[in-house]
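Subject: A structure to look through

Dear colleague,

I am handing over the structure below, together with some notes on what was found in it. Please keep it open beside you while you read.

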Amino acid sequence: MFEEIKENFDFLKMRPAGTKGPASSQWLATQKLFFEDQIRFFKIMKGRYGDTYWYRLANIPFYAIHDPEVIETLLLKNNANLKKDVITHSLDDLLGIGLLTNEGESWKKQRKLASPSLSPKQIRSYATTMTDYTRDAVSTWKDGQVIHTQKEMMALTLRIVMKTLLGIDQLDIAKEAGKAIDDTMESFAKEHHTAWTMVPKFVNAPHRKTFQASIQILDKIIYDVINTRRKEDGDSDDLLNRFMISKDEDGNAMSDKQLRDEAITMFLAGHETTALSITYMLLLLAKNPDTLRRAQTEIDEIIGEEIPNMEHTKELIYLEAFANEAMRLYPPAWLIAREITDDFDIDGITYKKGHQVGIPICAIHHDSRWYKNPLKFNPSRWLDGSLDNNPRFAFIPFGGGARLCIGKHFAMMEMLLVVSTILQKYSVKDVTKDELVLEPAITLRPITPIHLELTARS
Ligand code: HEM
């Protein structure tokens with residue numbers, strides 16, 4: 001008991017030289033602020049301590065960095081002294097050693113194997129699945145109907161990812177996988193973004209059991225597909241097949257376990273993030289009728305009544321600016337983090353081995369140094385040259401450096417294709433009763449339903 005208290009006391013005193021941040025005496029108040037509203041926490045801390053500060057979250061020592069130039073130096077020059085953070089690694093049970101959690105040489109090898117399959121040239125063939133499934137969903141909607149937007153978009157992006165990733169077209173399996181992913185995410189958020197963080201792992205809480213049970217469901221779905229593929233030896237055009245036939249320099253293919261880990265990783269990384277970004281785009285269109293008109297005019301001129309395809313998306317200049325502004329305001333990945341594996345210095349601050357570094361993307365995207373009236377939604381800022389002199393890392397919805405999102409092109413294409421397919425047929429109006437409340441868990445999720453009313457376009 002005495003040892004534990006002493007250890008905690010010493011830990012409170014472990015602040016690295018030269019760093020600002022809350023004093024040890026403010027530890028409890030800091031935890032409370034963090035767990036109440038994490039985005040507000042980062043904004044308040046930056047106001048008090050500047051661009052880089054250090055604090056202790058539960059028993060984890062953390063640096064936070066807001067300066068885009070320092071973030072660039074960190075992610076580009078110091079990548080060799082970093083690995084993924086403790087919270088990301090607590091997904092190891094679920095993700096195994098997929099791209100998101102893998103490290104070092106093994107990560108490099110897997111990234112090289114996976115990259116060609118997600119290049120702009122290769123993902124072209126997925127455009128048809130994206131528009132087919134969106135048209136399917138749209139065909140079930142009626143004039144005047146009110147949709148629960150995030151539910152609709154989660155179901156749609158799940159169907160798209162199941163088909164483009166695993167070649168699975170059965171709705172019942174997509175639903176089962178969707179429920180299992182939702183359950184893992186909810187359990188994970190409870191475990192790591194609430195005071196449960198401090199409860200010893202041997203306590204067998206219901207959300208911890210749900211987490212393990214959901215992993216088993218996902219494993220079964222994915223191993224079944226892999227086994228069938230191995231027997232069939234077919235050549236379907238999905239990501240899993242491309243992973244199965246890809247070989248490294250020594251001629252080795254991925255094992256079943258590696259395939260399973262990469263597939264679950266892509267599911268998790270690619271499904272909810274994209275659904276959220278589309279949901280926020282639709283909400284912002286609905287709240288800003290002038291931007292909705294401008295987006296629809298562009299779609300009418302470039303796509304008309306044709307089925308949207310990848311070539312069209314390259315010409316949707318306004319809709320792309322709109323997507324960027326939506327991800328600036330509501331970045332689905334609102335925080336990324338790393339653990340330091342070796343000491344290094346940037347701008348006179350020593351980043352110490354074993355400590356974590358947080359990059360609060362949402363707070364950076366709302367920084368008035370880079371964005372005038374940062375909380376105002378203004379897609380035109382991406383077109384009028386006002387952001388031309390911004391540092392490169394002032395806008396990082398997909399992260400940056402070596403571990404930049406591998407699905408960036410896939411996601412951008414999906415966002416533009418899904419939204420333009422919807423806007424060809426319908427206009428949207430916000431009829432949500434509750435104020436928008438966002439929960440920054442692994443992703444930045446709306447807590448309450450976003451209700452949009454559809455009006456059929458004549
Ligand atoms: C709007 C949608 C998306 C957003 C906002 C997003 C965001 C991000 C971010 C910020 C990272 C970097 C994490 C870090 O540095 O710690 C990342 C990594 C990753 N993303 Fe995405 N992502 C999106 C869509 C997708 C899609 C569609 C896929 C797959 C098809 C995908 C697969 C991945 C993978 C595998 C990684 C890990 C890459 C690595 O470390 O090598 N993402 N994503």
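Strand S5 (residues 336-340) and strand S8 (residues 356-359) run antiparallel and are joined by four bridges; two strands count as paired if DSSP finds at least two bridges between them, and the element numbers come from DSSP runs counted from the N terminus, with helices being H or I of at least four residues and strands being E of at least two. Within this pair, Glu339 stands opposite Gln356 in S8.

Before going further, please note that this is a predicted model, in which local features need pLDDT of at least 70 and side-chain atom pairs count only at pLDDT 80 or more, while totals for chains, interfaces and linings use all residues. Residues are numbered from 1 along each chain as its sequence is written.

S5 and S8 belong to an open sheet of five strands, in the order S1-S2-S8-S5-S3, with mixed pairing. Strand S1 (52-57) and strand S3 (82-84) stand at the edges with a single partner strand each, so one side of each is left without a neighbour in the sheet. On average, neighbouring strands of this sheet are turned by 35° against each other, direction ignored; here axes are lines fitted to C-alpha atoms, for helices over the stretch in contact, and angles run from 0 to 180 degrees between N-to-C directions. Helix H4 (residues 68-77) packs on the sheet, where it touches S1, strand S2 (60-65) and S8, and its direction makes about 120° with that of S2; residues are in contact if their C-beta atoms, placed from the backbone, lie within 7 Å.

**Strand S1**

S1 runs antiparallel to S2, and six bridges join them, with Tyr63 in S2 as the bridge partner of Trp54. The two strands form a hairpin with two residues between them, and Ala58 in the turn has a positive phi of about 50°.

Is S1 buried or exposed? Six of the six residues of S1 are buried, so this strand is largely enclosed by the rest of the structure; a residue is buried if 20 or more other C-beta atoms lie within 10 Å of its own, exposed if 12 or fewer, and partly exposed in between, with C-beta atoms placed from the backbone. In a regular strand the side chains alternate between the two faces of the sheet. In S1 both faces are covered, with Thr52, Trp54 and Arg56 buried on one side and Tyr53, Tyr55 and Leu57 buried on the other.

**The three-stranded sheet**

Another open sheet has three strands in the order S4-S12-S9, with antiparallel pairing. Strand S4 (146-148) and strand S9 (426-430) stand at its edges, each with a single partner strand, so one side of each is left without a neighbour in the sheet. Five bridges pair S9 with strand S12 (residues 451-456) in the antiparallel sense, and Lys429 has Glu453 in S12 as its bridge partner.

**Around the ligand**

Of the 22 residues around the ligand, Gly270, Thr273, Gly399, Cys405 and Gly407 come nearest; a residue counts as near if its C-beta atom, placed from the backbone, lies within 6 Å. Helix H14 (256-287) and helix H19 (408-425) are the elements that give two or more residues to this shell, and H14 gives the most, with seven residues.

**The whole protein**

The protein has 19 helices and 12 strands, and buried residues make up 41% of its 458 residues.

With best wishes

Methods
Two residues are in contact if their C-beta atoms, placed from the backbone, lie within 7 Å.
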